[in-house]
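Subject: The structure I promised you

Hi,

Here is the structure we talked about. Have it open while you read the rest of this email.

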Amino acid sequence: MITERLSLTCDKHLAHLQLPCCQSYCGIPLHGKEMLIYSNVDAVQKSLLLTGHHREISAMTFGKGGRPVLLCSASADYIIVWDIELCQKRISQGKVAAGTVIGTLLGEVIHLSFCFSDERVVACSGATAYILSSKRQEVISTLTGHVGPLTSAEFCPWDKHILVTTSEDRTFKVWDLKTESVSYQSFVLSACPLLSVFFLEENRHIITGSTDGQVWCFSLPDDHKCHLVTKMDLQKMEKRHQMHQETVSHQAGVAEQSAVDKVETSKPVLKMALCSSFSDTNKEQKKNNSCLCIGSSDGLYVVDLATSELLTVLYFKDYSNLSITMAGSWSISDGCDNSMVFLVSSLFTPFVVLLELSLCDLGRIWAGGEGFSVFPSSPPLLESPLNAELKKKESNHPKKKGGIKEQPLVFHSKVKSSGYSSSPRRVMFSPKTNVQKSRSSTKASKNTGLLLRDYPADSAAPTLPRVHLSIANKPVYCLQYTGDGKQILCGLGDNSVLLYKSSLTGNPAVYTGHDKPVSSVSWSLNRQWWLSASEDQTLRIWTHGSPEPAIIMGDSMFSKPIRSAQFYYLDKFLLLASGHSLYLYLYNVDVTRDDIKRYQQRSFIRMAGCIPTKSGTDITDLSAINDFFSYIVLVCGSDRSIQVFDMNKGAVASELPNAHSRAIHCITQNKGSMFSTQAPDSYNLFLTGAVTDGVKIWDLRTLRCVRRYENHLNRCHPCSSAISPCGRFIASGSEDMCVYVYDIRSSRYLHKLQKHSETVLSVAFNPATPELLTGTLDGELRLFQSSSGAQLSHDTSAAVHSVPNMTA
């Protein structure tokens, strides 16, 4: 995968010297004061010798433009810019190659960098950054402010007036070159100096790394007030990557080898570059790629910035044909034919090597395997548990044998009363006056059928506070809207369930009966009934207008608490998780009662399947789609794994071990709503959340994490998360008494909804209108609406459904 293109023996150690490398050329100092420039494309071409410095060269770099190829070199006496092709032409004509002196006596320069137009050069000397013209000897700006020596400096690619510097004082500064002032200064990031800085133009992020392997990613908005997006540790990511590789491979030899070679070394972030910037063949792939290459002392680390996960590590020790085992400095550039080239200096030996890496080979490493889809591709199997049917109970009345069957004497379903049982009529005739024309027919025509107002796909995220309600001094553990967005269920820590209108107006209906906190609630698809599951190992199905449950599942049916329960397969089944098993039940809800045996329930249930987890771990949460037929059920376990259940086969189809660093407490799918339409592939996305490990979004098609969100605070409480019906936003509860709203395409939060009184445990989006409901640890509900949807009427008649037995 890594090939050595060139190996150079130097006359002295160049361990920490900034060396130049671009697509066409690379170079090294010779005898301290001269430079040798080699061609990366033509190995036969003679090297170019450049002379002009009188002191030892301390830094070298190539320009970022294509033509002409510029080289800048620095020593304690001069800073010189060379035109490589012009120098080659002069030497071929027998003349002396010469450069342009742009700076003199600026001290020992340890870092050089061109701007993206190659018009300016920044030189780092001590604690000062000098901005120089690349065409003449002119100091444009002198920037001072760091309390320690500078280590690197880079120009912003999308704003030529922005410069970022890093220093041994463990901070970075964002400079405004127009005013020559500091726009932003970071806090002290680490106990070790910062070494390098890199710009991610697509998301407008700044990435910086330190000598102890810490990597920070900050956003750089227009106001230059940077916000931390994510923080990574190369050593921790390496350990997680090794554990994952050992779990997947199941090879004892790999584990033994890793145990023998387990030697902890520091992971200094010497140089960073984006993989996508090296391939111009696929513009769309280049735009969406987020793989960051980090050159360290023992090899090349490839990190997915969207997920903060280590994709692969290319260690020097794994390639016996390389002349280098430990690196002191890196220079990274694009190569030919979709490749990358690296100029690496050896840490302990006077060697410099030019390495080449094929991005095609690198892409095969993290190519995902065959995944799944929430949409079924074939009908259920004959032996599938989903084909189970419920046999209705037969009537207890004895059957009559023989004889004439009873027949109705009239053809009408209703017979007019004779009037003998009614009281005698006192008024024989009363004329009706002021008779108005009835409009019932008009209203009926307006309310018949299914009338839906589309969910505004381009609306802003719900951020405006609308309703604040204190309902109890107990935690709000779960929230769920009905499919039409008219009603909301609140499962509380005081063992009760509250049924509100979605506007949170009026008194709620209170349902009690559980002996422990309610862990989950779920509406049926037809909204005629709903269920509640509790830590008391019982599940209850309720109907509107009845304070008593229609079905109670308890009486030691489950040995452990029910962690999650819901309706499944278009309300055909009850799906619940208890212990290490996933249970599938058929049910029949019958609310009719016999006047004599009024306490005898006619509703009943029957088990259709019980599927244990693959690893035998206890299930902490589950998620399945009920709005359409889907065979997939997602389950997370206490062993930090995610398991994909194929209910068509009644077995675990796949398992993702070590999905988080802690046990997953929340898993939710992108279910959309009946008011919005998304791309079919969007329904294959799902979220997981774990304490201290943020929220991850996964793609079921590849079974890979595609992005991570970790700006919110989640250290001990099970804070939930939700996806908006339009599929554009993610809301997550937080322990800093806020709700964080993310753009699903970016790891940085869009909005921070404050002024909650306690930890926000539960969040839910209204499926019919852009609204967000939150529940806190101390029993408060807050309703937020979209700024673009503030003028919309909150009248829920915008979503009228012809469903019987509906009560507000």
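Below is what turned up in it, going from the whole chain down to single residues.

**The big picture**

First of all, keep in mind that this is a predicted model. The protein has 808 residues, and 52% of them are buried. Its secondary structure comes to six helices and 55 strands. As for contacts between residues at least 6 apart in sequence, 53% of them join residues at least 24 apart.

**Salt bridges**

Side chains of opposite charge can pair when their charged atoms come close. How many salt bridges does the whole structure hold? The search finds 19. Here are some to look up.

Start with Glu 56 and Lys 12, whose side chains meet in a salt bridge at 3.0 Å, N to O. Glu 56 sits in the loop between β4 (48-50) and β5 (57-62), while Lys 12 sits in the loop between β1 (2-9) and β2 (25-30), so this pair ties together parts that are 44 residues apart in sequence.

Next, go to Arg 563, which forms a salt bridge with Glu 535; their closest N and O atoms are 3.0 Å apart. This pair links distant parts of the chain, 28 residues apart: Arg 563 belongs to strand β37 (residues 562-568), and Glu 535 to the loop between β34 (529-534) and β35 (539-543). Arg 563 is partly exposed at 36% relative accessibility, and Glu 535 is partly exposed at 25%.

Then there is Arg 240, which meets Glu 309 in a salt bridge at 3.9 Å, N to O. Again the pair links distant parts of the chain: Arg 240 is in helix α2 (residues 234-249), Glu 309 is in strand β24 (residues 309-315), and they are 69 residues apart. Arg 240 is partly exposed, with a relative accessible area of 32%. Which residues are linked with this pair in a network of salt bridges? Arg 240 and Glu 309 are joined there by Asp 693, Lys 696 and Arg 708.

Strands of a sheet pair through backbone hydrogen bonds, either parallel or antiparallel. For an example, look at the open sheet of four strands in the order β49-β50-β51-β52, where the pairing is antiparallel. Which strands lie at the edges? They are β49 (721-723) and β52 (749-753), each of which pairs on one side only. On average, neighbouring strands of this sheet are turned by 20° against each other, direction ignored.

If you zoom in on β49, you'll see that three bridges join it to strand β50 (residues 729-733). In one of these strands, β50, you can find Ser 732, the bridge partner of Ser 721.

Most residues other than glycine have a negative phi, and most peptide bonds are trans. Met 737 is partly exposed, with a relative accessible area of 36%.

His 224 is not a glycine either, yet it has a positive phi of about 65°. You'll find His 224 in the loop between β19 (214-219) and β20 (227-233). Is His 224 buried or exposed? At 14% relative accessibility, His 224 counts as buried.

**A buried loop residue**

Ala 472 is in the loop between β28 (462-470) and β29 (476-481). Why does Ala 472 count as buried? Its relative accessible area is 18%, and buried means under 20%.

Ala 472 and Asp 778 are 306 residues apart in sequence, but their C-alpha atoms are 7.2 Å apart in space. Leaving out residues up to four places away in sequence, Ala 472 touches Leu 492, Asp 494, Asp 778 and Gly 779.

**Empty space inside**

Rolling a probe the size of a water molecule over the atoms shows where empty space is left. The count here is two cavities of 30 Å³ or more. The largest cavity has a volume of about 80 Å³. Its lining includes Leu 200, His 205, Cys 217, Val 229, Arg 707 and Ser 747.

Notes
Residues numbered from 1 in each chain as written. Predicted model: local features only at pLDDT ≥ 70, side-chain atom pairs only at ≥ 80, totals over all residues. Heavy atoms only, no water. Salt bridge = Lys/Arg side-chain N within 4 Å of Asp/Glu carboxyl O. Helix = DSSP H or I, 4+ residues; strand = E, 2+ residues; numbered from the N terminus. Buried < 20%, exposed > 50% of the residue type's maximum accessible area, 1.4 Å probe, protein only. Pairing = 2+ DSSP bridges. Axes fitted to C-alpha atoms, helices over the stretch in contact; angles between N-to-C directions. Contact = heavy atoms within 4.5 Å. 1 Å grid on protein atoms, 1.4 Å probe; cavity = no way out; pocket = protein on both sides within 12 Å on 5 of 7 lines; lining within 4 Å. Points joined across faces, edges and corners; volume = space filled by probe spheres on them.
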